[in-house]
Amino acid sequence: MTLRARFTLWFSGAALVPIVATAALAWWQISSGYRETFEQKLSAARDDATREFGRIREAVRQAAAAAGDNPLVGAVLVDLRKHGGELSPAQRQDLKKNGLATMQSLGLQVLTIVDRQDTVLAAPHLVAWVDENDPEPRRLAGARAGAAVVGWQRVLRDGKVVRVLCVEAARAVRDEGQEVTVLVGRELGDNLVAPLKRAGVEARLVDAGGRVLHATTSSWGPLEDAPGRELVLEDEAGQPIARLIVAVANAELLTRLRELAFLTTAVGAAATLAAALLGFAVARRMTRDLDALVGGVLSVAGGDLDTQVTVRSRDEVGAVTEAFNRMTRELRESKDKLLHAERVAAWQDIAKNLAHEIKNPLTPIRMSVETMRKTRAAGHASFDEIFDESTRTILEEVERLRKIVGEFTQFARLPSPERRTLDVNAVVASALSLYHGSVRVVKDLGDGLPRLDADRDQLTQVVLNLLENARDAVASKGSDESVGRITVRTRARAGAVELEVEDNGPGFDPAFKERIFAPYFTTKESGTGLGLAIVRRIVTEHGGRVSAQGEPGKGARFVVELPAG
Amino acid sequence: MAARLTLLALLAASVARGESRPGYGGKLVGSLLSQPTTPNAPNAPTTIDPLLAASYAELTLVGLVFDGLYRVDAAGRVVPHLAEAMPTTAGLEARIPLRAGVRFHDGKPLKPADVVASLQRAQRAPVTEWALAPVDRIAADGQTLVVTLKRATPELAALLALPQLVVTPGGRAPARGAVGSGPFVLKRMDAGKVELAAFPEHFAGRPYLDGLTLRWRENADAEARAYEAGEADFSLRGAVGFAGHEPKYPTGALEGPATILAYLAFGRAHAEVTGDVDFRRAVSLALGRAALRHLGSGERVIPALAPASPDLGGPTPGPEESAARVDAARAALRRVRAPLPRALELLIDRTRPDDAEVAARIVAALDQLGLAVSYTALPPSELQRRVAAGQCDLWLGQLVAPGTDATFEVAAAFAAAADRFATVQMAVGPLAGASLALAFDARLPVVPLYHRSVRVHYRKIVYGLGFDGLGRLSLADAFVFAGTVTP
């Protein structure tokens with residue numbers, strides 16, 4: 001990871017922590033506010049439910065307490081007195097006619113009047129109950145004396161008998177020896193749940209079996225998981241008979257919390273992005289000179305010692321850059337000096353070798369000339385014979401000198417390669433056609449090799465030099481040439497083509513594997529020692545490299561690696 | 001002086017008689033609790049055809065427009081009407097002399113052939129076939145009706161006194177302009193109103209009234225309000241419709257015999273259940289009939305179980321008896337083989353004011369058995385249509401007494417339930433009370449609920465009102481007193 005990227009990350013990370021902390025804190029505080037409001041709404045709903053239930057209880061209790069003052073009840077008592085404890089037909093008609101209106105005017109859904117024998121005298125909510133026996137009102141009046149309790153009652157509704165949950169109370173009313181018991185009841189239904197409905201607040205009444213009796217909404221589904229409060233309604237025996245559930249729709253709360261979470265996340269993300277951009281800009285500014293410096297270093301590492309990095313800042317990076325530039329300049333100067341020294345040394349070496357090479361023929365020439373002068377001066381009888389032999393020697397040595405000078409000229413004046421796209425296998429084939437030798441050459445050429453961008457003639461020269469070097473090595477073995485073998489291989493390497501020439505000659509001392517490419521280095525009795533030097537120079541000029549591997553008695557192998565075109 | 005005193009006494013007696021002396025003229029407007037009749041009128045009875053008439057109002061109207069061979073008088077006796085005398089029987093042939101000179105409202109003479117055709121049509125009608133089951137053949141011999149019997153039928157005159165067995169021209173079903181031979185001519189039938197005019201040529205003499213208008217209202221309260229406001233001269237609700245109210249005019253009341261049988265019948269919507277006699281027994285047992293005596297607006301209501309045996313319920317007022325009865329009902333219900341439906345529907349006639357209360361009691365009673373029943377109030381025509389189509393589980397019906405013989409009511413009950421048991425029995429012998437009760441128990445075609453009477457409230461200017469032996473309001477002898485009436 002680059003320094004710039006790291007700087008950017010560090011800056012972003014450093015900014016992210018406070019941003020996240022701030023966003024989380026803001027989210028927590030605002031959402032707490034929402035939740036608190038929601039809880040208050042829920043508690044208020046339950047308080048409303050409790051209050052509403054209490055209001056109904058109180059109304060029923062008061063209705064029972066006022067039963068004695070009701071004209072209908074009073075008329076029944078009078079009629080009973082007039083008719084010896086039996087209701088007259090006229091009174092029955094009156095009850096039948098006006099019972100329902102009386103019940104409804106009192107806001108009741110249940111009104112039962114029974115006599116001392118528990119015979120129902122009036123039941124507007126269930127006319128079919130009249131004249132039946134119902135001990136419940138007198139029992140309730142005796143047990144609870146006007147107190148309101150919750151219980152089930154049967155009422156006739158839409159032609160059907162249905163059971164409704166009621167708050168009911170019963171009280172005995174007496175008048176001059178006559179007694180009736182009045183049971184009043186108010187249904188727990190819409191009158192209980194409807195007032196609880198508020199914006200977002202719903203209520204429903206369910207019985208002990210979970211059956212919904214009344215609800216403020218028919219689509220309670222979304223409220224199933226909403227937070228709610230329960231008011232457990234108990235019957236006379238204190239057993240749960242129903243539950244009044246108020247629920248506050250939390251969809252809005254959840255939506256707000258989601259929006260809040262999204263908002264804080266978005267703000268945090270935007271802040272983080274801004275921090276990252278700022279960090280990037282700062283890092284870029286900070287690393288701009290460093291990047292230039294890195295580029296310069298890489299350039300120098302690539303061999304370009306002319307590289308100079310422009311200095312913009314005056315800080316530590318500027319100082320380092322200045323030092324780098326100075327170092328580069330000094331390095332170039334040192335290299336130039338070194339190259340010059342090396343060149344001088346090389347030419348000295350070459351000159352020494354050349355001198356040595358030249359010096360070698362001079363001795364026989366001098367000796368031949370001196371021999372001819374001595375024998376001529378001595379009038380040696382064999383002068384003519386000696387003259388012929390000496391001049392022949394002189395000519396041979398002169399030829400040798402000419403050859404030395406020619407090869408040196410070739411080595412020294414090797415032209416720049418004229419590059420063209422070519423197939424290395426074609427080059428090998430071309431070289432083999434020029435090859436003259438009795439040693440068997442085995443071709444092992446790879447298929448589908450990448451093409452090279454190279455000088456055909458120079459590359460042919462490389463192959464020929466390596467073949468002749470191998471041929472000479474096999475020939476110097478002194479054995480039957482028929483067992484000698486030269487193998488030429490080509491193969492592809494990553495981004496390069498490899499040319500290999502292997503022989504089964506005498507090999508060479510591994511200590512010579514570098515020197516073997518030096519000009520005028522040779523292990524052969526004949527040869528100028530420039531063949532492999534020319535190979536390396538051509539290969540190097542083509543951006544490739546050449547190596548030699550061998551051991552005494554185990555042959556030699558030369559590998560040329562050239563970059564693909 | 002003596003002569004003067006005698007004259008004063010004669011004058012006083014004359015004035016005293018003058019208040020109740022029949023006089024011709026005048027018209028009456030009255031209501032029979034939502035009664036007669038035009039087709040398609042929402043609350044109207046459905047027919048004036050005697051063989052289709054079933055309700056009290058329909059049969060009362062039939063009695064005003066048509067005549068039968070015999071009738072049941074106020075004392076419950078079967079007396080000749082179109083017949084001149086009681087049947088004379090020789091072996092299996094009965095001969096009935098017909099009254100001569102009788103004319104239809106259109107002026108045409110009522111001939112023996114009209115009688116024959118009318119009775120032959122009645123032989124094929126579901127509601128009357130049981131009554132004529134003993135009759136093999138009917139023919140006329142001059143002015144005498146010759147009835148060939150399948151068996152000895154001493155009750156033939158009583159059977160021929162059935163209110164449905166009246167004579168129509170050619171025995172045809174009356175069309176809109178029904179023509180009969182009765183004391184009143186049907187002049188006009190409109191929605192909510194039937195207008196009748198006196199038939200001057202009625203064989204028993206012209207009615208005192210010139211005309212009679214029968215109105216029916218939306219419901220019983222509407223009828224009561226009309227009477228209280230003085231818009232009707234007689235009503236079956238009226239004076240007791242609103243406690244504490246006083247009708248506009250001085251009023252009197254007259255109550256007939258408790259001859260109308262109210263029953264609970266069974267439909268075919270869940271025939272596999274409602275056709276099961278154990279289900280019917282369970283229903284009968286569940287119904288506490290004691291409280292039914294307080295139905296209506298003060299009319300006589302007699303909780304009824306007969307002809308079913310007392311084991312199938314009855315007026316058992318005590319809580320212990322009620323509990324035992326309900327337990328027995330539950331046991332009977334458990335014996336029902338078919339699965340019980342989740343809900344049952346009870347149909348009632350919305351024009352009968354007491355039906356809703358009776359239905360409520362039935363619903364409440366069956367609720368104790370765990371049967372979810374709801375009742376639906378329908379116009380009479382719709383009720384009849386639904387019943388005929390079998391589209392209900394239970395329905396409330398009323399049966400006007402077909403005669404003074406109790407077995408006739410049982411037979412009519414079978415017929416009302418479309419059960420031909422009585423018809424088959426009647427063809428071979430008279431219905432015997434004990435065996436008939438056993439058969440009724442075994443089949444329980446309907447569940448009897450109560451008998452009730454009809455009470456008519458009338459302005460005190462109306463005289464001569466009465467009921468025949470079948471409990472039908474008799475208006476043929478009514479007349480209007482034109483003088484001052486003391487409340």
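Start in chain A and select T310(A), in the loop between α6 (251-301) and α7 (316-377). Helices here are DSSP runs of H or I with at least four residues, strands are runs of E with at least two, and both are numbered from the N terminus. T310(A) is exposed, at a relative accessible area of 58%. Exposed means over 50% relative accessible area, buried means under 20%, and partly exposed lies in between, using a 1.4 Å probe and protein chains only.

Some ground rules before moving on. This is a predicted model, where local features need pLDDT of at least 70, side-chain atom pairs count only at pLDDT 80 or more, and totals for chains, interfaces and linings use all residues. Residues are numbered from 1 along each chain as its sequence is written, chains are lettered from A and ligands numbered from 1 in the order in which they are written, and side-chain values use heavy atoms, with hydrogens and water left out.

**Chain A overall**

Color chain A by secondary structure. It has eleven helices and 16 strands. Of its 565 residues, 40% count as buried. Take the chain A contacts between residues at least 6 apart in sequence: 63% of them join residues at least 24 apart. A contact means heavy atoms within 4.5 Å.

**E52(A) in helix α1**

Select helix α1 of chain A, residues 3-65, and find E52(A) in it. Is E52(A) buried or exposed? E52(A) is buried, with a relative accessible area of 13%. Show its neighbors next. Leaving out residues up to four places away in sequence, E52(A) touches N191(A), L192(A), P195(A) and L196(A).

Select β3 (149-157) of chain A and β4(A), residues 160-175. They pair in the antiparallel sense over nine bridges. Strands count as paired if DSSP finds at least two bridges between them. Pick V155(A): its bridge partner in β4(A) is V162(A). β3(A) and β4(A) form a hairpin with two residues between them. In that turn, D158(A) has a positive phi of about 55 degrees.

Continue to β5(A), residues 178-187. Ten bridges join β4(A) to β5(A), and these strands run antiparallel. D175(A) has Q178(A) in β5(A) as its bridge partner. The hairpin of β4(A) and β5(A) also has two residues between the strands.

Zoom in on E176(A), in the loop between β4 and β5 of chain A. Its phi is positive, about 50 degrees, although E176(A) is not a glycine. Most residues other than glycine have a negative phi. E176(A) is exposed, with a relative accessible area of 63%.

**Chain B overall**

Switch to chain B. It holds 13 helices and 23 strands. Of its 487 residues, 58% count as buried. For chain B contacts between residues at least 6 apart in sequence, 70% join residues at least 24 apart.

**A crossover in chain B**

Select β15(B), residues 344-349, and β16(B), residues 373-378. They pair in the parallel sense over six bridges. The chain goes from β15(B) through helix α9(B), residues 355-367, to β16(B), and this β-α-β crossover is right-handed. Right-handed means that, with the strands pointing away from the viewer, the path from the first strand over the helix to the second runs clockwise. Now label L347(B), which stands opposite T376(B) in β16(B).

**The second largest pocket**

Where is the centre of the second largest pocket? Select K96(A), V127(A), P353(B), A356(B) and E357(B): of the 43 lining residues, these lie nearest the centre. A pocket is an open set of points on a 1 Å grid over the protein atoms alone, where a 1.4 Å probe fits, with protein on both sides within 12 Å along at least five of seven lines; lining residues have an atom within 4 Å of a point.

Elements supplying at least two lining residues each include α3 (89-105) and β3 of chain A, and β15, α9 and β16 of chain B. The largest share, nine residues, comes from α3(A). Color the lining by type: 20 residues are nonpolar, eleven polar and twelve charged. Ala, Val, Leu, Ile, Met, Phe, Trp, Tyr, Cys and Pro count as nonpolar, Asp, Glu, Lys and Arg as charged, and the others, Gly among them, as polar.

**Last stop**

Finish at A418(B), in the loop between α11 (406-416) and α12 (421-428) of chain B. Phi of A418(B) is positive, near 60 degrees, in a residue other than glycine. A418(B) counts as exposed, at 68% relative accessibility.
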